[in-house]
Each structure stands twice: as structure tokens, then as C-alpha cells.
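Trainee: I have the entry open and would like to talk through how its parts pack. Could we go over it together?
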Amino acid sequence: MNQYLAITSRGLENLLADELEQLGAQNIQVVHAGVRFKADQAMAYRCCLWTRISSRIIQVLSEFNVRDDMDLYLGATAINWMSHFDSNTRIVVDFNGTNREIRNSQYGAMKIKDAIVDRFTKADLRRPNIDRENPDLRIHMRLSGEKGILGLDMAGSGLHQRGYRSEAGRAPLRETHAAALVMKSGWTPETALLDPMCGSGTLVIEAAMMAAEIAPGLKRKRWGFESIKDFDKEAWLEIHAEATVKARRGPSKVTTKFFGREMDQRVLAIARDNAGRAGVKSLIDFAYGDATQLIRPEGFDTGIILCNPPYGERLGTTSELISLYKEFGNRLKLAFEGSVAAIYSGSNELLSCMRMRADKQFKLSNGALDCVLKTYLITAGSVKKEDGEKEGVIVQEDVAPDFANRLKKNIAKLGKWAKREGVECYRIYDADLPNYNAAIDKYNDYLIIQEYAAPKTVSEETARRRIMDVLRATIEVTGVEPNKVILKVRERQKGRNQYQKLSSAERHMTVDEYGIKFKVNLYDYLDTGLFLDHRITRRMLGKMAAGKDFLNLFAYTGSATVHAAVGGAKSTTTVDMSNTYLRWAQENMELNNQVGDQHEFVQADCLQWLQEVDDTFDLIFIDPPTFSNSKRMKQTFDIERDHIMLMENLKRMLRPEGQIVFSNNKRHFKMDLEKLTELGLQAKNISDKTLPLDFAKNKQIHNCWIITHKED
């Protein structure tokens with residue numbers, strides 16, 4: 001009997017051990033992400049053909065200590081490779097794991113390959129060919145700390161490759177993982193199974209194959225063990241023939257009902273094709289279905305509802321997923337009393353949106369991602385039924401009630417104010433409560449939730465749960481469609497990092513501010529193109545600019561320029577280092593019919609431009625970054641340190657009766673009034689007058705000054 005290692009995902013070791021025991025394996029021992037066992041050749045072939053959970057089965061040839069690359073080489077050289085395969089065999093080495101000395105798996109694989117080749121050449125034999133694309137046999141090395149296991153991959157390619165899936169939907173489960181979920185869900189071959197988000201059908205197909213006793217490896221064309229010298233062809237053909245007969249007879253004996261529902265008709269067609277290739281198409285009822293409108297299929301009285309809902313972490317998907325999980329949970333409670341729901345997800349927070357109490361949970365890994373399978377017994381207590389009602393209504397628990405109440409009060413107050421002011425974009429919440437550290441901005445019928453970085457004293461898990469509660473409660477309170485709620489994470493930024501691009505979808509919309517139109521982008525950047533706290537400052541500039549030559553430095557998307565132009569500025573000059581934002585500024589001007597040679601746009605490093613230009617202006621607006629070390633700037637910039645240097649240059653450009661409106665968002669910024677006086681300038685702090693009602697609680701959001709030539 002030989003020693004074997006069956007490899008699986010973390011969390012599935014005991015399930016695999018039970019499966020191998022049922023198949024007849026002996027001396028079973030659970031190890032990390034695998035199971036050790038002993039078997040003769042025929043039993044090893046049977047395990048390869050019938051295992052539904054293992055991703056690979058390795059015939060162990062040697063185990064040895066690996067402290068460095070020499071140990072690795074010597075351990076591999078000690079194996080008599082010529083007794084296992086000959087020079088004509090195309091091989092490849094798979095190397096998994098690292099330690100303190102072997103830090104690169106490719107390097108480890110190369111040392112194993114060198115040892116194998118040297119063993120052949122020292123025996124005066126032709127070296128075997130290395131074929132990474134189409135090998136006959138895979139050599140497998142597993143390194144864990146200083147313990148190494150080296151052997152032959154009995155299957156060749158991964159055992160998840162059943163041969164029935166030619167194309168999959170988005171983020172498909174591996175077949176081995178899907179089979180494990182079916183087993184963990186509590187399903188038995190006599191139990192009806194429904195997947196309401198079936199995608200390409202993997203979960204229901206794997207379950208149907210179990211019920212029909214179809215060997216998962218039956219459709220494989222090649223096996224690694226066929227290239228090993230002691231391959232027992234007669235034993236293998238007998239095992240394969242027995243499985244073939246079972247597969248032919250199995251489906252006709254199955255009375256269990258299987259149901260797959262999917263919203264994407266293209267993916268649904270793929271699922272049907274996959275089921276056909278797997279030999280179970282006749283057993284599965286595939287149909288169009290929306291999980292948030294799920295109804296009990298005809299023939300499904302009680303059973304298992306098993307699914308793997310999306311749990312993507314990409315920007316802009318979270319609010320939609322919250323709604324999906326919430327509505328899906330509602331449908332389960334309303335329509336599937338008496339059944340068991342088994343839901344697999346990478347997000348505990350999303351699962352909590354279903355508002356159901358789990359009976360069991362199993363922690364599993366899906367690749368590098370930690371996931372959980374939770375099972376829920378759907379009882380009559382899940383819903384409240386009124387007299388005469390067939391289905392009932394869901395009794396919802398309040399989510400983050402203190403946050404929700406504060407948000408309601410803010411909306412009631414600020415909504416009326418915004419309507420009177422004539423603004424469509426305003427802040428409705430700004431970290432009012434310490435446990436809910438976020439800002440929420442309204443842009444027409446869209447909401448942007450910006451999560452501030454949590455303090456170090458708050459755990460990552462707690463912070464995730466809180467922001468999820470903010471999302472859920474915000475959707476409940478406002479009634480905004482989930483696909484119009486955008487989540488962004490805002491950390492402390494330096495310089496122009498707040499303008500960093502997040503995606504390339506280029507999704508824009510137009511908003512109105514005091515009758516002036518602006519293009520904003522709610523998705524693709526951390527900021528939207530419009531700083532809401534500067535709303536009053538912009539309006540003030542519009543009133544000040546009539547008949548004047550106006551300069552806007554560090555202009556971003558030119559919103560101040562637009563206000564000045566609409567307010568009747570004689571000319572405008574807009575300077576920014578980014579061509580992207582200058583184009584955006586021009587588009588904002590065009591939206592408001594402000595075009596012509598009197599409006600100049602300059603792409604330049606503002607600090608350098610200030611030192612070189614001799615033009616003068618009546619009104620200058622400058623809102624520089626707090627700090628910048630951009631590669632495109634010739635020097636670093638710190639507003640506290642360098643604001644007097646700025647004023648030296650601005651004074652030269654400022655006409656005798658001119659005004660500078662100077663703003664920045666550095667907390668506790670202190671103007672050096674003494675040095676400003678020495679320059680012949682004077683400053684008036686107007687920060688309080690430029691703070692809108694929706695930012696009134698955040699006195700440090702920005703500071704603003706009017707600077708003029710000092711009066712004699």
C-alpha cells in the first residue's frame with residue numbers, strides 16, 4: 001500500500017476524511033488543508049475518480065526536512081525517479097509553500113526539477129522533457145515550515161475540472177467547493193434543493209450528480225497516474241467501467257427535485273448546457289428568477305435553499321448588495337416556512353442584513369478569502385401574520401436607531417434649507433455621532449457615504465459592522481434606491497491624493513448650485529469635482545467679480561471660475577497642473593454658456609507659474625493643498641510653512657484696489673499676520689461667514705481670508 005495526501009480547502013478536512021473513509025481509504029489522518037491516507041493502486045484510482053471535495057491526490061514518495069535549498073535538492077535527488085517514469089514522460093513541477101530560506105516557489109520548483117534531471121543524467125539516461133502547458137505527469141512539492149512532502153500528482157490537472165463546465169458566470173465556485181457546500185448544507189439525496197442565484201448551475205449540478213451517483217471524474221480524458229510506470233490499466237478500466245454503468249442508470253432512479261433560478265438569461269443558458277454535459281439536465285428545473293422576488297417553485301414543498309450570493313467588495317457595490325441580502329431574507333421568511341436556507345458568503349455583515357438567526361455556521365476558505373456557510377431554519381416565527389393574510393409581513397428590527405434618528409432630524413432641517421437656497425448638493429450627516437464616523441452628501445437623488453478611517457482603538461470588524469449599519473439605515477431612512485448610494489473610504493489625505501482616480505467608468509451628472517450648473521462624477525474619484533463646503537465662498541466670488549480680471553489658482557474643476565464668469569468677470573484665468581481638471585473646468589464653463597477668448601485655461605505648476613508671470617489681477621482666488629509632494633511639482637509645499645511665500649508672489653500680481661480670497665482646509669491654520677504686515681498686506685478672517693449651514697458643526701472644514709494691500 002502507498003501513502004497519499006488528498007488536498008482540500010481549509011475547513012473541509014474532516015468532510016474529506018469522511019468521504020475517503022466511505023470510499024475505502026485506510027489509516028486516515030487529517031492534516032492542515034488535507035488528509036493523509038493509505039491505499040493500494042486500485043483504491044487510489046477509485047478515490048481519484050470519486051472524490052468530490054479533494055482538489056488533488058498526491059502519491060507521497062518522500063518526506064524530509066528542508067532548511068535550505070541544498071536540503072531541498074538532496075531530498076529530491078534521493079528519490080529513484082527512473083522507477084516511476086521514463087525519459088519520454090513530459091513533466092512539470094508544482095511547488096507550494098515557502099519558508100525562511102526558500103522564499104520563492106518558482107525557485108523551489110527549479111531546484112526540484114534540477115534534482116530530477118540530474119538523477120536521470122547521472123544514470124546515463126536522457127533527461128525528461130519539461131512541459132508546463134501539457135505535461136503527462138505533475139511532480140508535487142508541499143513545503144510547510146521545514147517539513148517537505150514530495151510526490152506524484154495522481155490526477156494531473158485539478159480535480160475540480162469535471163469536464164462539464166465550458167463557461168461559467170461571474171466569480172464561479174470551483175466544483176469541489178460547490179460539492180462541499182452541498183454536503184455541509186444538510187442536504188441529502190432525498191431532499192429537494194433550490195439555488196435561487198444559480199449562475200452557471202454548479203451547486204445544483206453537483207447535488208444532482210451526487211443523487212444520480214455520477215462519478216465527478218468520469219468525463220476526464222487524462223489522468224496523471226496513467227503515466228506512472230506501475231499503472232495498472234486493467235484495474236483502472238474495471239473501476240471506470242463500473243462508474244460508467246452507474247452514471248447511465250443513475251438519473252432514471254432519482255426522484256429528488258432540483259431547482260435553479262437566475263436573472264441573467266445568458267448565464268441561465270450556460271447552466272442548462274453545463275447540466276447537459278454533466279448528464280443531469282433532466283433532473284434540474286432551470287428558470288428565470290429574481291431572488292428578491294423569489295416564490296416557492298411547484299414541487300418544492302420543503303427542502304434546502306442553498307446559494308452563494310455575490311459579496312463583492314468593489315467600490316459602489318455594497319449598497320446594492322445590502323438591498324439584495326435584505327430583500328432575499330424577506331422572501332425566504334415569507335415564502336419558505338419549514339425549509340432550511342444555507343447561505344455562503346465572504347461577508348458576515350451582508351449576511352446580517354437578512355435579519356435571520358443562524359442555527360449553524362461553518363468557517364471555510366475560498367482561495368485566500370475567508371468565508372462562512374450559515375444555515376437558517378425558517379420557522380413560523382420568522383414572520384408576523386395578520387388575520388386574513390396569506391403571507392404576512394416582515395417584522396423589521398431597527399438598524400442603528402440612534403444614527404437613523406439623527407439622520408431623520410438632519411434631513412428634515414436641511415432639506416427645507418437647501419430648497420430655499422437653491423442647491424441640489426449638500427451634506428446631511430457629518431460624523432455627528434462618534435460610533436458612526438462617516439459623512440453623507442446628497443447629490444440630487446444620489447447619496448455618497450464617505451467612511452472616515454476608524455481610530456486605531458476600533459477594531460476592523462467593528463468598523464465594518466458600523467459602516468454597514470450606516471448604509472442600511474441610510475437606505476431605510478431616505479428611501480433612496482440602493483444603486484444610487486455610493487460608498488467611499490476617506491482616509492487622511494495629503495496634497496492632491498484626494499483627487500486620485502478610482503475607476504475609469506466616466507460616469508457624470510449635472511447638478512445645480514444657485515442657478516449655476518456643474519458636472520460632477522460621483523463614482524470615479526474620491527472627490528466629486530465640487531467641494532460643497534466652499535459653496536458660499538463661490539457665490540461670494542461671483543458677486544465680487546463683476547467687471548474684474550479674475551485669477552483662480554489650484555483651480556481643480558474651475559467651479560470658482562464659473563461663478564466669477566457668471567457674475568460678470570471681465571476676464572478669467574484658470575490655472576491647474578492637471579489637464580484632466582482643466583478640461584473639466586472648460587466643460588463647466590460651457591455648461592453655463594461662458595466661452596470666449598477672455599477665459600484662459602493654463603496647465604502649469606501653480607507655484608512655478610506664480611514666480612514667472614507678470615500679469616496683474618483685480619480678484620484672485622487661491623485654495624491650495626495643505627501639503628503636496630507631487631512628482632510633477634519641482635518642490636514640496638506646506639501651507640503653514642509656505643503661505644507667506646505665496647503672498648509675496650500674489651502681492652506682485654494684485655492691483656492696488658485688488659483682493660485675494662485665500663482658503664485652505666488645514667485644521668488650526670495660523671496666518672502669520674506679522675510677516676504679512678511686513679509684506680504690506682492685511683488679512684481679514686471670514687471663515688465663519690463662508691461656512692454653510694450643512695457644515696456648521698465642523699468649524700475646521702476650511703478657513704477663509706480676504707487679503708488686500710495694507711492701507712497707509
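Trainee: To start with a detail, in what kind of crossing, left-handed or right-handed, does H13 pass H14?

Mentor: Bearing in mind that this is a predicted model, the crossing in which H13 passes H14 is right-handed. Helix H13 covers residues 535–544 and helix H14 residues 559–566, and their axes come within 7 Å and cross at roughly 35 degrees.

Trainee: And which residues of H13 and H14 meet there?

Mentor: From H13 there are Arg538, Arg539, Leu541 and Gly542, and these meet Ser559, Ala560, His563 and Ala564 in H14. Sorted by class, the contact of H13 with H14 has three nonpolar, three polar and two charged residues.

Trainee: Okay, moving on to H11 and H12, at what angle do they pack?

Mentor: Helix H11, residues 401–421, packs against helix H12, residues 460–478, at an angle of about 45 degrees, and the axes are 10 Å apart. The two helices are therefore oblique to each other, and H11 passes H12 in a right-handed crossing.

Trainee: What makes the contact between H11 and H12?

Mentor: On the H11 side the contact is made by Phe403, Ala404, Leu407, Lys408 and Ile411, while H12 supplies Val470, Ala473, Thr474, Val477 and Thr478. By class, that contact of H11 with H12 comprises seven nonpolar, two polar and one charged residues.

Trainee: What about H5 and H6, how are they oriented to each other?

Mentor: Helix H5 (residues 175–184) and helix H6 (residues 202–211) pack at about 70 degrees, with their axes 9 Å apart, and they are therefore roughly perpendicular to each other. H5 passes H6 in a right-handed crossing.

Trainee: Which residues meet in that pair, H5 with H6?

Mentor: Glu175, Ala178, Ala179, Leu181, Val182 and Met183 in H5 meet Thr202, Leu203, Glu206, Ala207 and Met210 in H6, and by class this contact of H5 with H6 has eight nonpolar, one polar and two charged residues.

Trainee: Stepping back, what does the domain assignment of the chain give?

Mentor: The assignment gives domain 1 as 2–153, domain 2 as 175–212 + 253–378, domain 3 as 401–488 and domain 4 as 508–709.

Trainee: How much area do domain 1 and domain 2 bury between them?

Mentor: They bury about 970 Å² between them, and 58% of that is on carbon and sulfur atoms. In terms of residues, 10 from domain 1 are in contact with 14 from domain 2, and the C-alpha centres of domain 1 and domain 2 lie 35 Å apart.

Notes
Residues numbered from 1 in each chain as written. Predicted model: local features only at pLDDT ≥ 70, side-chain atom pairs only at ≥ 80, totals over all residues. Heavy atoms only, no water. Axes fitted to C-alpha atoms, helices over the stretch in contact; angles between N-to-C directions. Helix = DSSP H or I, 4+ residues; strand = E, 2+ residues; numbered from the N terminus. Parallel < 35°, antiparallel > 145°, perpendicular 65-115°, else oblique. Left-handed = near helix turned anticlockwise from the far one by under 90°. Contact = heavy atoms within 4.5 Å. Nonpolar A, V, L, I, M, F, W, Y, C, P; charged D, E, K, R; others polar. Domains from an automatic or database assignment. Buried area = accessible area lost by both parts, 1.4 Å probe.
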